[in-house]
Amino acid sequence: MPDTVLVPGASGDTGREVLRYLKKTPHRVVAATRSESTAVALRGPDADEVRVGDLLVEEDAARLVEDCDYAISTVGSAPGPAFLPGRAMVDGEGVANLAAAAEREGLDRVVLTSSIGVGDSREGMPLPVRLFLAPALRAKERGEDALRAADVPHTIVRPGGLTDDPATEDVLVGEGGDSVSGSVPRADVARLLVAALTTKDAENRTFEVVSRAERRNARNLVDVDWDWP
């Protein structure tokens, strides 16, 4: 029986790319989204099942991970009401609920999409952008910390600025925060997220990822034997 991969945030641009790459694997794919309206669009050839639930609700998070073996989270908050002070954000509290649910369910790995600019990678994002996205970056740091604290194997991927360019299948991967900066096609990020599911060397590590064209100021590059889809 194939392993089952849950994809919270599947209706977003990166989530859809993840679904596309997962279909190249033997995994059973469960797309997850917050609303029934977006679920309708996900019901098709790229997902074996669609589940509707809000990660900000603990009970929903627990239901979403039921009978899953892995999760690739591509959730994120766009500038808007979610950025208001005191508002819970899916990048933070939602990911924390996912991590707790994954621990209880005993998932084999959770792969989290974060961002350069979070935590010790803050200098990799230009200051004006960092100030504008500050609420989301703080929330993503809370999500990262919650996942690291959970008793579940994980990989955290911090991409640079996401573009809609075609995949190059040639990226720079840094580790340690102060490593790489720049942009990267979201298709390349999605491919790496899928590879991280079963790459043994990626377990319990945090990586920064940009296009190879950004090599000029790259530091702390790592060579990982990725299990590419």
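The paragraphs below go from the overall fold of this predicted model to its nonpolar cores. Local features need pLDDT of at least 70 and side-chain atom pairs count only at pLDDT 80 or more, while totals for chains, interfaces and linings use all residues. Residues are numbered from 1 along each chain as its sequence is written, and side-chain values use heavy atoms, with hydrogens and water left out.

The protein has 7 helices and 10 strands, taken as DSSP runs (helices H or I, at least four residues; strands E, at least two) and numbered from the N terminus. Its radius of gyration is 16 Å, close to the 17 Å of the globule rule for 229 residues, so the protein is as compact as a globular protein of that length. The radius is taken over C-alpha atoms, and the rule is 2.2 Å times the number of residues to the power 0.38.

Of the 229 residues, 52% are buried, meaning under 20% relative accessible area (1.4 Å probe, protein chains only). In soluble globular proteins, nonpolar side chains tend to be buried together. Here the largest nonpolar core has 34 residues, and Val7, Val18, Leu22, Ile72 and Trp226 have the most contacts inside it. Such a core is a set of buried Ala, Val, Leu, Ile, Met, Phe, Trp, Tyr and Cys residues joined through side-chain atoms within 4.5 Å. Elements that each supply at least two residues include strand E1 (4–8), helix H1 (13–22) and helix H7 (186–196); H7 gives the most, with 8 residues.

Beyond its neighbours within four places in sequence, Leu22 is in contact (heavy atoms within 4.5 Å) with Val5, Val7, His27, Val29, Ile72, Val194 and Leu197. A second, separate core of 23 residues includes Ala32, Leu107, Ala150 and Ile156.

Conventions: Buried means under 20% relative accessible area, exposed over 50%, partly exposed in between (1.4 Å probe, protein chains only).
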